[in-house]
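Morning, everyone. I have one structure to show, and I'll keep it short. Here it is.

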Amino acid sequence: MPAKSSHVPLIPSFHYEQALLVEGYDWVIGLDEVGRGSLAGPVMVGAAIIGATQITAQSMPEGLADSKLLTERRREMLYEPLQQWCTTWAVGSCTNREIDEWGISYALGVAALQAIAQVEIAINKLYPNKEHRFAAILDGPCDYINKVADTFDAPYVPFPVKVHTLVKADRQCASVAAAAVLAKVTRDNLMVSLSAKPQYKVYDWASNKGYGSLAHRLAIKKVGPSDLHRLSWHL
């Protein structure tokens with residue numbers, strides 16, 4: 001990958017993805033997580049694959065940006081266009097109980113490998129009988145994927161993948177920005193649907209998506225944690 005720039009753009013590009021294709025990779029998997037700091041619900045990692053088609057065209061859905069810079073409505077509007085734009089995509093997840101058992105870093109690695117496995121299988125179905133070379137761009141400074149690979153709980157991944165970490169990759173890389181939005185909308189929709197169930201209404205997940213808002217913390221203090229809370233987080 002090229003040298004990292006101190007300037008972080010607000011609109012992602014294909015700069016890093018293009019460099020990886022030049023190195024000889026066939027596909028670039030953008031990876032980003034959502035739900036790391038939540039008090040309840042799963043953690044998820046989105047994976048969005050792009051290749052020469054998207055990079056050569058230099059086109060992406062209008063308005064794509066770091067999911068944290070987008071409104072909820074804008075993320076929802078991008079959800080379907082991004083699914084059509086990526087060659088394929090997936091979201092891996094680990095439950096609150098798995099987070100309690102394994103810790104958040106290990107759970108993130110398992111969720112990421114789930115997503116990677118799903119997109120690799122999909123690519124192999126689209127283009128069978130080929131030796132695909134995969135690279136991944138992971139948002140953030142820490143490679144929590146290789147720490148989990150080949151452990152007992154790690155999902156099977158059909159093809160090797162070279163993981164590159166990049167701070168603020170969701171602002172710089174179109175593939176990572178896409179993965180971030182897809183994972184965020186997927187998780188938000190799940191938390192909203194769960195909030196409609198009688199036993200969870202008190203926690204107001206439709207509004208806070210499981211994060212530690214004042215209303216959420218007060219509900220935990222009043223009625224205690226639910227079966228979807230992360231008990232190891234000393235609620």
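Start with the surface. The accessible surface of the protein chain is about 11,200 Å², by the Shrake-Rupley method with a 1.4 Å probe. Carbon and sulfur atoms hold 55% of that area.

Some ground rules. This is a predicted model, where local features need pLDDT of at least 70, side-chain atom pairs count only at pLDDT 80 or more, and totals for chains, interfaces and linings use all residues. Residues are numbered from 1 along each chain as its sequence is written, and side-chain values use heavy atoms, with hydrogens and water left out.

Now the fold. The protein chain has nine helices and five strands; these are DSSP runs, at least four residues (H or I) for a helix and at least two (E) for a strand, numbered from the N terminus. From the N terminus, the order is α-β-β-α-α-β-α-α-β-β-α-α-α-α. The radius of gyration is 18 Å, close to the 18 Å that the globule rule gives for 235 residues, so the protein chain is as compact as a globular protein of that length. That radius is taken over C-alpha atoms, and the rule is 2.2 Å times the number of residues to the power 0.38.

What about burial? Of the 235 residues, 51% are buried, meaning under 20% relative accessible area with a 1.4 Å probe, protein chains only.

Zoom in on strand S3, residues 88-94. Five of its seven residues are buried, so S3 is largely enclosed by the rest of the structure. Strand S2, residues 43-50, runs antiparallel to S3, with seven bridges joining them; pairing takes at least two DSSP bridges. Across that pair, alanine 48 stands opposite tryptophan 89 in S3.

How values were computed: Buried < 20%, exposed > 50% of the residue type's maximum accessible area, 1.4 Å probe, protein only.
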